[in-house]
Structure formats: C-alpha cells, structure tokens
Amino acid sequence: MIKILIVEDEEPIANLIRMNLRKAGYHCSCAGDGNTAADQMASESFDLILLDIMLPGINGFELLEYARSMEIPVIFITAMSSTDSKVKGLRMGADDYITKPFEIVELLARVETVLRRYHKTEQKIRIFDVEIDVASRQVLKDHEPVNLTLKEFDLLLLFVRNRNVALYRETIYENVWESEYLGNSRTVDLHVQRLKKKLGWEKHIVTVYKVGYRLEG
C-alpha cells in the first residue's frame, strides 16, 4: 500500500486531507511540526510527502532537503502563493506545489501524477465486485472482463479515487477529457450511464442534484 506523510500544523486541514486520501486507498500518517515529521521520516518508509512550508520547528524548505536526501517525492501544500516561494521550492526539488485553498479532486490528481512519475502507483484496485488493473487498463467484474472505452476507464478511476466525494460535471469533464467544460453535460451524463450499466453500479454511482455524480459505498 502507498504510504503518504502529511506534514501540516493546521489539524482540520490535515484531517481533511487524510480522510480523503484514505478513501482513495492510501495509507496516511500526520505530523503537526517539522521535528515530528523528521523523526517519522527517519523511522518509517514513505512513498510521498505532502508538506506545508510554515511549520513549528523545522520549516518546510529544510524538510524538503531532508526528504530529497532520502529520495522521497514531495508536494508542497501551502498558503504562501508568491512566485518566489514557488520557484524556490521547485528549484530545491519539490515535485509539485499546491496553494491553499484547493479542491480535493485537484489534490488527488496531483498525488496520482507524482506517484505515477516515480512508478509508485497502485497497480491493482479492488472495489465492490470489480478489480481494476491500472497498468494494463483492464477491468474484471466477478472475474469476467469488462470492455470499457478509454474515457470510461478514466471515468472509473476518477470515481474510485474520489469515493464518496460529490463531483461536479465540470470537474469530471475537465479531468477525464482534459479540456475546458463548456456547459454541455450530455457527454458526461452519457458516459456515466454507460459505465453504470457495464459495471452494474446503478446503486453505487448516484446523481447529486444540481452538482453531478458520486460513487457511494
């Protein structure tokens, strides 16, 4: 299982991140200050660190140097939105940079991208009666293959990695089709309906009024 260390001194934010990452299938630990984070990094093995910059004790830039010496990828999560801070972090070796406030779906997408870059993504995901082989893009339902299109497969991964999260149609479109949403939801609705039918997930993928869809369970 992928292990992620969340280094964040604002407990509500840390808990929100941990809750959503756990729903997406990641194992998470939290540290509320730089010294605790350094101790955990020294005693445990992590696949990724989500790192705030302004921390009690050791600050995020110092922890970044420590993480890089251990070859652990780092995503900065911070309220410091100045270009200088971003450039400094990226030049020091941060793999990505997210500014507060942020959408959970954006965070999950960036986490997935960095893990994939380091070949640390989960290769197989099991949910309900379905098994997803991420690398080969194959799906089995009750051990029988399910023929999904490229977009249907990407849509399935988006739902699975945002389990129990209400996703706006525009969020779905922009993540799966990777282009700007222009207000026509027919494409999203059609693909969702086809995916539900192919997987028999009519009760799992539910419509959220005036929002979009949510994978429940």
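Ile-127 has its bridge partner in β7: Val-130. The two strands involved are β6 (residues 124–127) and β7 (residues 130–133), which run antiparallel and are joined by four bridges. Strands here are DSSP runs of E with at least two residues, helices are runs of H or I with at least four, and both are numbered from the N terminus. Two strands pair if DSSP finds at least two bridges between them. The model is predicted: local features need pLDDT of at least 70, side-chain atom pairs count only at pLDDT 80 or more, and totals for chains, interfaces and linings use all residues. Residues are numbered from 1 along each chain as its sequence is written, and side-chain values use heavy atoms, leaving out hydrogens and water.

β6 and β7 form a hairpin with two residues between them. Phe-128, in the turn, has a positive phi of about 55 degrees. β7 also pairs with β8 (residues 138–141), in the antiparallel sense, over four bridges. There, Ile-132 has Val-139 of β8 as its bridge partner. The β7 and β8 hairpin has four residues between the strands, and Arg-137 takes a positive phi near 60 degrees.

Now the parallel sheet. Five strands form this open sheet, in the order β2-β1-β3-β4-β5. β2 (27–31) and β5 (96–99) stand at the edges with a single partner strand each, so one side of each lacks a neighbour in the sheet. The twist averages 20 degrees from one strand to the next. Axes are lines fitted to C-alpha atoms, for helices over the stretch in contact; angles run from 0 to 180 degrees between N-to-C directions. Within the sheet, three bridges join β3 (residues 48–51) to β4 (residues 74–78). Leu-51 has its bridge partner in β4, Phe-76. Helix α2 (residues 34–43) packs on the sheet and touches β1 (3–7), β2 and β3. Contact means heavy atoms within 4.5 Å. The direction of α2 makes about 140 degrees with that of β2.

Next, a helix pair. The axes of α6 (residues 150–160) and α7 (residues 169–176) come within 10 Å and cross at roughly 125 degrees. That makes α6 oblique to α7, because angles under 35 degrees count as roughly parallel, over 145 as roughly antiparallel, 65 to 115 as roughly perpendicular and the rest as oblique. Lys-151, Asp-154, Leu-155, Leu-158 and Phe-159 of α6 meet Ile-172, Asn-175 and Val-176 of α7.

Finally, Asp-189 lies in helix α8 (residues 186–199). Its relative accessibility is 19%, so Asp-189 counts as buried (under 20% relative accessible area, with a 1.4 Å probe and protein chains only; exposed is over 50%, partly exposed in between). Asp-189 touches Arg-169 and Tyr-213, not counting residues up to four places away in sequence.
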